[in-house]
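Good morning, and thank you for coming.

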Amino acid sequence: MDLYALMPPLMFLALILFLLSGYPVAFSLGAVGMVFGFLGIALDLFPASLLGAMPDRIFGIMSNQLLLAIPFFTLMGILLEKSGLAEDLLDTMGRLFGPLRGGLALSVVFVGAILGATTGVVAASVMAMGLISLPVMLKYGYNPRFASGVILGSATLAQIIPPSVVLIVLADQLGVSVGDMYKAALIPSLATVLLYFLYVIYVALVHPRWVPALPKEARPEAGKELPTAFALLSYLLVGVGSWRLGEFLHLPGWLEGLEILLGLGLWTLFLLPWIRTNPLLRKALLSMVPPLVLIFLVLGTVLIGLATPTEAGAMGVVGALVLAALNRRLSFQVLYGAMEGTAKLTAFVVFILIGSTLFSLVFRGVDGDLWVEGFLTGLPGGEVGYILFVMVLVFLLGFFIDFFEIAFIALPLLAIGADALGIDKLWFGLLVGVNLQTSFLTPPFGFALFYLRNVAPKEVRTADIYLGGIPFILLQLLVLLLVYFLREPILNMAYSGFGQ
Amino acid sequence: MRFLLGLSRAIDVLTEGVGRLVVWLVLLVALLSAGNAILRYGFSYSSNAYLEAQWYMFSLIFLLGGAYALKHNAHVRIDLLYDRFSRRTQAWIDVVGTVLFLLPMALGLIYLSWPWAMNSLSIREMSPDVGGLPRWPIKLLVPFSFGLLALQGLSELIKRIAFLTGALPSWSPEEEEEVA
Amino acid sequence: QAQPTIRWRLASSFPKSLDTIYGAAEVLAERVRALTGGRFQIRPYQAGEIVPGLQVMDAVQQGTVEVGHTASYYFVGKAQVLAFDTSVPFGLTARQQNAWMYFGGGIELFRSIFADFGIIQFPGGNTGAQMGGWFRKEIRTLADLRGLKMRIPGPGGQVMSRLGVVPQVLAGGDIYPALERGTIDATEWVNPYDDEKLGFYRVAKNYYYPGFWEPGAMLVFYVNLREWQRLPKEYQQAFEVAAAEANQWMMAKYDQVNGPALQRLLRNGVRLRKWPNEIMQAAQKAAFEWFEEEAAKDATYRRVYTAWRRFREEQFRWFAVAELGYEQFAFPNV
Ligand code: NA
Ligand code: NA
């Protein structure tokens, strides 16, 4: 009996058993590493000194500056949720889209996309929209299952639309540039938003009773919606126009920003008489300012060359602090609670990383990497077969373990196979990233499901929440197919000096 | 048992105190990082010291926060089965897990990182990059923080055993409150 | 009598994707295996597989792995003198570094230093004179360097900071987006073949030369001293032969791949630019001022610096004759 060859599969088996015990993941992972480490030493499979790599590996985690994105975006997300900013936006967008059938759902998708572009974590979006939009949708007769689903789906946009902790961690684990990852994520992000919109319209046409329009008495600004929408569109056009003009004139980053602001300011002056007589437009403009400021801070500062993608998360924290203070929502309790929550999350996430680095060290020690490579590259179907296997595996793992565990434990092993087959790591990471959206929505361990259950009104049954997510999981899988088939355009976009 | 519970309380006070300091680092590191970006962009002024201070603070947060997270039961579990067990069974799992999983890992890492950190201290290791910070203090943090984690593990162990022997009605008053 | 079967692990500071610099470790492993009839086996691991790239010295010192393949100047935080084992600003070329190491007393000097770390070292490849890196804007005068934000680690950063550059060592994944959007103005890397892979040419078109802070960066194999002493004499011989081959292999390989890579870069619109003399002169002055400062602080540094400086002067006088005379005439005339 060749015990040596049995070690890697035995380690997997032990890992599953240890994890199922319910003891914290970080230490269960570490324990498998330790147990098999001692076993390997006793059986003379590798020298005891190999475990001496642990301090070096921990030091590698400590000095990995990209991981700073985890506390930054978590802190920003919690502050954002407490700042009341999402509330205002959802409220106005609800009024704006209110007269349409499915309008509230459309506003949720829209706000989800906006929040997605400001924050890098899903939790903030789920909680904000679950607290604010879900009660409103239920009050006006929305189907609770569909209402839950649209909130869940829209909230997960936070992880595929840059900035995103998921994309940063994937880029880091695969050794590709964060900037390239962000650019590659643009096509799937837009495709997901578009599909959500289309799905809402489809539901409005086929199941009108699920998504009733707001009654007239719920709309104090009835009749102002259409002109307001046109006014907002005009802002979009002016904004894009000023941006293109700046590009055309080759203005430096900060001047271009100023020029865009100037354009929007002049347009506001021009519309001023109209804004005065239209309270809905006023409200819409005011509620759009804070998210635009945040988007500028977390994406704009990277684009104008002020901050690295990691530092942009810190810029977002400062922005969220200021906005919460301006909204008079920043108390000591709120701040301390946000910091404490962030510290705990950072500790548990990085400890999983430490546990998994101990596991993977011993796994390599018993030549588990060779075993995985042999197993993965031995899969039938070459590249297609491998990708199919990885996608199914990641999807299934998403039911049981969360995104961080998949990224830290499974991804490095899966990358071995991708390397062996010569698959582009950026594209591979993007496929995994799009796939991982589903892990937030699949029971029993979808984080988004937990968060929504926590904030949803009692009359929404847990089954509604679980089942409501299914259509959106299917839409996300559709986007996954799209990423698979649009490999060339996506990679061209990511690798081009886009904007230069 | 009374002595052990006293020990556990003392450890809890230590972990809580360290944790409360660490919590503020979260804000501090964000402000430092944003300040870094702004100074570099606006004034072309920066130093590797500031860049390294960021990850030093990040390291302090998770290394020292590990024990704090353990005290507050914030380390994530796969609770597929765990949640369905009785409080007693859960306590047993935690006892076994602490003795067989957590303590060996923490003690093992102290053992492994001690000579490594001492070596850095003995040569007063610096950053290899211009303007960078001394490396030895942050390397010393590694065995120290796993020591803190092992202590907190001991405290949790005492509390679970006290619960199982009936000396404590609950090992985690705050958690019970949340459930109630 | 039959020799024992020995298995060693080698931790490289480099990823497999940099196939030339990583490849030297594979050359070593293959040659050692062949020379010992397959009984002495060395398995190379890329950076991060066992330890992160910048922890290789710690790992060999602690005996975590038996061998490391790295560059000593990554560890100047432990002792500044280690820079001379790789390359220092305005130092020796690859050929001169070899002459110093093999016959000028270099290896012996450093063996006495590395012995304190429980390590024995062997020359393990060279990049040749490196490039000066990728700049978003043209650098015409010394004043253009003032306030310039550049990713440049180690000794190069020391000298550049004395010229007013703001050296920044960013996270790996942040470098490209930071250069693309102008968060930093410049980054240095290695040479055309490796730089092409990272794609900096897409976002910063000015490619400066030479990388005067690394005129001939020597790589090195570290072996844990205790493991080395326990190795049978024949295996020691095989290792030394294989390391010498890897040393030559890397330089020859880089010379072969860099030419075509540079042509590809030029076809992609890269603008090749030579450092203005003013900058080179100021940098050289700053470099020697820095050496003197370090030498005043530390006796070991002074010992190595003095020996190196004497050797450098001899070599430069000789190379300025036949080599330079030929090269100056022949190279520009293609
Ligand atoms: Na996002
Ligand atoms: Na270089």
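A word on conventions first. This is a predicted model, in which local features need pLDDT of at least 70 and side-chain atom pairs count only at pLDDT 80 or more, while totals for chains, interfaces and linings use all residues. Residues are numbered from 1 along each chain as its sequence is written, chains are lettered from A and ligands numbered from 1 in the order in which they are written, and side-chain values use heavy atoms, with hydrogens and water left out.

Let us start with the sodium ion that is ligand 1. Its protein donors are the O atoms of A:Gly116, A:Thr119, A:Ala158, A:Ile161 and A:Pro163, at 2.2 to 2.5 Å from the ion. Donors here are N, O and S atoms within 2.8 Å of the metal, or 3.2 Å for Na, K and Ca; water is not among the atoms, so sites may look incomplete. Along the sequence, the donor residues follow the spacing G-x2-T-x38-A-x2-I-x1-P. A:Gly116 belongs to helix 6 (residues 103–118) of chain A and A:Ala158 to helix 8 (residues 144–160) of chain A, so this pair ties together parts 42 residues apart in sequence. Helices (H or I, at least four residues) and strands (E, at least two) are DSSP runs, numbered from the N terminus.

Buried means under 20% relative accessible area, exposed over 50%, and partly exposed in between, with a 1.4 Å probe and protein chains only.

A:Ala158 also brings us to A:Ser125, which touches A:Leu115, A:Thr119, A:Ala155 and A:Ala158, leaving aside residues up to four places away in sequence. Contact means heavy atoms within 4.5 Å. A:Ser125 sits in helix 7 (residues 122–139) of chain A and is buried at 1% relative accessibility.

Now to helix 8 of chain A and a partner. Its contact with helix 21 (residues 447–455) of chain A is made where A:Ser148, A:Ile151 and A:Leu152 of helix 8 meet A:Ala448, A:Leu449 and A:Leu452 of helix 21. By class, this contact has five nonpolar, one polar and no charged residues. Ala, Val, Leu, Ile, Met, Phe, Trp, Tyr, Cys and Pro count as nonpolar, Asp, Glu, Lys and Arg as charged, and the others, Gly among them, as polar.

The sodium ion that is ligand 2 has its protein donors in chain C: C:Gln130 (OE1), C:Glu188 (OE), C:Trp189 (O) and C:Glu214 (OE), lying 2.1 to 2.5 Å from the ion. C:Gln130 lies in the loop between strand 4 (119–126) and strand 5 (133–135) of chain C, and C:Glu188 in the loop between strand 8 (186–187) and helix 8 (192–198) of chain C, so the pair ties together parts that are 58 residues apart in sequence. C:Gln130 is buried, with a relative accessible area of 4%, and C:Glu188 is buried at 5%.

Finally, chain B. B:Ser155 is part of helix 5 (residues 136–164) of chain B and is buried, at 0% relative accessible area. Which residues does B:Ser155 touch, not counting those up to four places away in sequence? They are B:Ser8, B:Ile11 and B:Asp12. From C-alpha to C-alpha, B:Ser155 and B:Ala67 are 10 Å apart in space, and they are 88 residues apart in sequence.
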